Amino acid sequence: MGFPAVSSGPLLASCRPLLSLLAENEHKLKQYALEQMDKIVDYNWAEIADHIEQIEELYEDDKFSHRELAALIASKVHYHLEQFSESLSYALGAGTLFTDQIASGKPSQYVFTILSKVIDKYISERIEKSEGGSDAEPIDGRLEAIVESMFDRCFSEGNIKQAVGIALESRRLDKLEACINVSGDRAGTLAYTLEACQTLVQSRTFRNTVLTVLVQIYRTLETPDYQNICLCLMLLEDDKAVAAQLGELIKRDDEESELMAYQIAFDLCGSDMQHFLLAVRSGLPVPASERQSAEPPSTAEGGEEKAEGDTEMKDAEPPRELTEAEKKLETRVKNLRKILSGETTIGIHLEFLFRNNKTDMLILNNIKSALEVRNSITHQATVFANAVMHCGTTVDTFISQPENLEWLKRASNWAKFSATACVGMIHKGCINSSRNVMKAFLPPETGMSSQPYSEGGALYALGLIHAGHGEGILKYLSNELKKIKNNETVQHGACLGLGLAGMASANDELYEDLKDVLFQDNAVAGEAAGLAMGLVMLGTASEKACEEMLAYAQDTQHEKIIRGLAIGMALIMYGREEGADTMIEQLTRDKDPILRYGGMYTIACAYSGTGNNSAIRRLLHVAVSDVSDDVRRAAVTCLGFVLTNTPEQCPRVVSLLAESYNPHVRYGSALACGIACAGTGMQEAIELLEPMTKDSTDFVRQGAMLALAMVLIQETEVRQPKVKDFRNSLEKMIKDKHEDVMAKYGAIIAMSILDAGGRNVTVSLTTRLGNKRMSGIVGMAVFCQYWYWFPLAHFISLTYSPTCLIGLNKDLKMPVFDFISHTKPSTFDYPPMTEVKTSTAPSKVATAILSTTAKTEARKKGKKDEDGKKEEEGADKMDVVKEEPGKDDTENKDANKSMDEDKQGGEKKKEPNTTTLSNPARVLPAQRKYITMPADCRYEPVSKKLWGIVMLRDLKPDEKAEIVEVTIPATALPPKEEEEPPPPEPFEYTD
Amino acid sequence: MAKDSKDQKAQESGKVSDENAKAEKPAVLIDPVTAAMLELKNSMQTIDKAVTSKENRFMSRVIRQVTKLRRLLSKKVLLKALETYVSPDSPVIEGVVAFVEGVTEDDVMQVEAPATASQEIEKNAVIDKKAEEEKNAEIEKKEREEAAFYKKMLSIPEAESFVQLLVTIYLLDKKYLDNAISCASSLIQRAQSFNRRTMDQILSRGYFYWARCMELTGKSSQIRNELLAAYRTTALKHDQIGQATLLNLLLRNYLEFNLYEQADTLMRKTSFPEGDASNNQLARYLYYTGRIKAVQLEYTDAFLNLQQAARKAPQQSALGFRKTVYKFSVIVQLLLGEIPDRSTFSQKGMIAALKPYLQICQAVRVGDLGAFHRAMQEHGDTFKSDKTYSLIVRLRHNVIKTGLKKINTAYSNISLEDVCAKLCLESVEDTRFIVAKCIQDGVIDATIDHETNTMMSKANLDIYTTSEPQMQLHKRVAFCLDMHNQAVKAMRYAENTKTEWESAEERRERMKQEEERMNSMDSDDDF
């Protein structure tokens, strides 16, 4: 029945006759059989599969002339059987029969599939070879040939990006270079490569090789891309090359290069790598005047800074008898040094945060009044909340209010320590007047300390103020540390302060000082010392330090010290990726859970922002297998650090863990989500975290609220309606008498994180250029230790970075001009201030007379008056120019206007589709892509990325430029009338 | 939902008896075109959801709804659907419209409105009374939304392909096979060109109807290669539903030409994707493999497969499929030496179809070769068309064996002539050989006395002294365990379902979906 129909068809239903031919002796018959089979193999593969051995034997047979044909058929059959690796090896055996098919116009599905397998295999073999060293087997030449031909095809067809991807994955540097050289759009390809290299290449060593190659290519471009060159060099940590590059730029006699040099310096500064920046600074060309004076450059630098006064940004006096060019160069070098020292950035940020401070005091007051007075934890949390909300703004109105002073006094012992440190947080960045700010609390110059807690706190506060920029204060702090002998509280503060100020300085002296404290084997001081040692040696992977610390950790009896050391060791391994593997192995295999805990954080620090798969796997493994809850919690939390560069992955990775029966794991997953998705407002993260704020365990609720606050920081209601619900639920939780104290603690801090830094900062673990931000990651890692020790929560101030867009001209001053944001004003506006709830009086007047008069008034009148008031309060009156309304933040103005309209009309008028923002402006991360320069603007940015600090080219240099008035906060100024000498150099402490 | 509607109808009919005023209500007859369009819109909304969420399960739901839609299809409906859901720029639309217009419909049926439609109308009516003004505003808003929806659907290729699929089905139903074939093949081409995962299910249905039409026009020999190529593509794309459909089509194609060996090799070289494929496809696969194995003499496996196929098939509908499965299963069970349950033959709707098999079964049971031959002669043509003939021929030995067994237990000593006569065998010599063979095989425990030409049985063993009861028990326990495992497997949640945090709305949605699935299992007429 079947056969007639089949034989009439074009092909045989069965290929049994052909298969029986294979058993013949005659080669010709076999060849004929194979030829016929090749035509029908796609349809009769199932039958041929039963005789695949015969065909494979034919391929093995040297005497058979058509071995390749046999291989091709075998390959196809294996392909149909979905055994791709066999199929691949036979396809390679088929030689030209297979490769010709690739080149032919329309490759079949089979060819496509096998080709992708070829590339996969090639990549895995190349990686194995490059990692396995010389003993790895050489790669099959046929494989290589096919991949080569693929490259050629990509080149000829212009699919450069694909070629770049394959070249990167298969670690073919030669091909990578070829890709870039061949491509028409070299700059575009380079940018693509740079991004791919940073995000996709997992191996640090290979990444560095690629970066070196990229630097070379960038240099050969017609118009070298200095920004990217320096970015690559920074990633390579090649300070000499960066210094040389910057030197070369400023030596050129055009404004363009000068601006570029400044821009690069700002960008470098954003990465916070202190020792690297120091090295770059010392590598800069020495100006003529200094050579004349023949002073060693380091002291000259110090003196110079001192003379200049911080944010005044005065150009240095031109030295005598120098040529015009030399003078110019000198100014430029000085500017550059100042930028690299971070002073300029800090000054500008300080100015920005002070000027735009939009803290809602009512929230704080509400928190304060809602809480029971006696509970020290919530009291401490409220003080801390104030610090977070005012972080870096220098506005300390809340604590200086008389009624609050009394309330503050309730803080005793460590709470006092913490409260004093909060002052440091508020004044974060006042590096030139730090000691003046903390004057009241610092240990007396002579005699015994009487107030150990506030003195310790003050030293810690100094560290927070100077975090990562400690040149001015290090000497003082280390002297203090040496001076205190027997007071562990002060020692604790001094160690933390020293660690923060000397962060990543790799300063051996500091390290030795701290080690001395550690060796006193005092639990409280030792913990801080261990942590500080890590901070000082941050990211150096110094073997000596690691060994000493590990040995001591295994030796000591104090859990606190072990914990401090464990985190310290983690910090030392910051960013080392594979370089930290031995250390990680050692720590994770330790029998002491605290060291294993440190091991988890070592993974977090070493692989932060890499998304490295093996690190994730390791953490996930520990998260479900360790016996200690602490270690499991840490492992899950650390996932967040590893995934900071790919936040969209995090909720998915931890979603299962978030449903774990173990509350520690749930807490960890909440925090991980918060860390990875900080400041993104990501929907998935919110969906994951929201239910967890109602968890049955108190500390899970705490973690979830903290995390959610980090995710939702600066989100506006327009963009994310959940913000309002979240605020309400926090408020409810704080007021709820029956709520558990741990959850309450979380709620209070979460509330403050939402409005951190006067609503002008975000939690950011990445820099302007998209690479990881050292201080951010370190701050977050240490912040997570608040679980054991509340005062460590202050480290969160390191993670904050102002969300600003500030344009600077070549004199590093802010000219007056506007940016345009292509969004409705309400989309990225500040959240509205909370209103005082009054049941009887609806009128504004009534509200104003109510209890919180001072603040409400301040709030209503706007911050100008506040400035004025502050000035009056301040010791010396600044010559502050009253701001013109035009100079006020236009965004703010728009918002006010629209609010007014709301009130008047009742119905909302249509919002404009664009917003004008004046320099310096608050620009949220999500807003960045909408920012443009107006068409007829006088200035033109040198960098394409419009956020952070941007150098501007003046298109009309002859006209007089209008400069934004600087309204430096009073407290941030160095004391002038005081007879006390200025801070950096006064205390030449000699025994 | 269907349950709801039944309940509702029941309620309504109850009311009818009570109140005359409402007597008209249950008989709400609405324009069939509107009813169909409402139903179609429902499907389209699901498609929209599937495309936006990239969830294949919504697409499966759409495919299930085809059954319901199929009954409502008419020329008018399709023309309107083409107008609403297919973009006029589409390269296929002209051809498809021409196909639909080529159909001559004899009568316009009045269709009772499906549950959803009538409910919706009722709802509208209620609104009518409540507030006219409100309604107007609402309608306006609704219209605006609807316009936006239709506009959106024009840009979704799935919608277009879905309508095309409906046209194909309609043409098939109206026996315009050639047009149906070209419609289906243009659908396949177009759907393939998009390379979208949400298209996979429509594509697999497209292949299904295409193959069906080709089979009906007697061109199935031509399509095998295309099916093979399509199968490879689906396997590479991990499109499990398509893979399952195409594998079944291939097996069916081979079996149609009695290419059992090829079918067997294909079956052994591939694996059926059990994860995502629908139950119906699985049932079909089990049926085909059962048939193949039966021919290959692997009766035990064949019987298991056929039994499972019968069990997996929808229990209310798909009568034809179940009939066929039972026919084979009865024969295979007989070949295994077992006698099927009497109840098998008295199942609802199957009595007539299984009657010939009942006769065969009776003949085997009593070992009456005469009755067996009579049945064979009487129903030979039926068996041939059922393709069970070749298997039934094999049963002759079983009949003889059973007969011999009976004789063996009844007589301690019997002459071979008598045996020959009793079994209606042709000659005594034959009988001798047959008896010898049976003794050799251990079917009976006896000896032949060649001198006296008699068969002498040995004492019958007490079966309870052997391990036979144990074997039987084991078999049943194993069956129960297997059943349990399957049930547990079927209860597993799909991956990524978060039942914990779903909102009330989502839960309602899910419940609705599940219920619908249950109903569609019952009313699936894929077979």
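**Close-up 1. Helix α22 against the sheet of chain B.** In this predicted model, helix α22 (residues 428–441) of chain B lies across β2 and β3 of chain B. Helix α22 runs at about 150 degrees to β2(B). Another helix, α21 (residues 416–423) of chain B, lies across β1, β2 and β3 of chain B, and its direction makes an angle of about 75 degrees with β1(B).

**Close-up 2. The three-stranded sheet of chain B.** Here's the open sheet itself: the strand order is β1-β3-β2 (chain B), with antiparallel pairing. β1 (413–415) and β2 (446–449) of chain B sit at the edges with a single partner strand each, so one side of each has no neighbour in the sheet. From one strand to the next, the twist averages 25 degrees. Zoom in on β2(B) and strand β3 (residues 454–457) of chain B, and you'll find four bridges joining the antiparallel pair. D449(B) stands opposite T454(B) in β3(B).

**Close-up 3. Helices α3 and α8 of chain B, packed together.** Helix α3 (residues 56–72) and helix α8 (residues 157–173) of chain B pack at an angle of about 35 degrees, and their axes are 11 Å apart. The crossing of α3(B) and α8(B) is right-handed. On the α3(B) side, the residues that meet α8(B) include V62(B), V66(B) and L69(B); among their partners in α8(B) are F162(B), L166(B) and I169(B). Sort the residues of this contact by type and you get eight nonpolar, no polar and three charged.

**Close-up 4. Helix α2 of chain B, end to end.** At 1.5 Å a residue, the 22 residues of helix α2 (residues 32–53) of chain B should span 32 Å, and the end C-alpha atoms agree, being 32 Å apart.

Technical notes:
Residues numbered from 1 in each chain as written. Chains lettered and ligands numbered in written order. Predicted model: local features only at pLDDT ≥ 70, side-chain atom pairs only at ≥ 80, totals over all residues. Heavy atoms only, no water. Helix = DSSP H or I, 4+ residues; strand = E, 2+ residues; numbered from the N terminus. Expected span 1.5 Å × (residues − 1). Axes fitted to C-alpha atoms, helices over the stretch in contact; angles between N-to-C directions. Left-handed = near helix turned anticlockwise from the far one by under 90°. Contact = heavy atoms within 4.5 Å. Nonpolar A, V, L, I, M, F, W, Y, C, P; charged D, E, K, R; others polar. Pairing = 2+ DSSP bridges.
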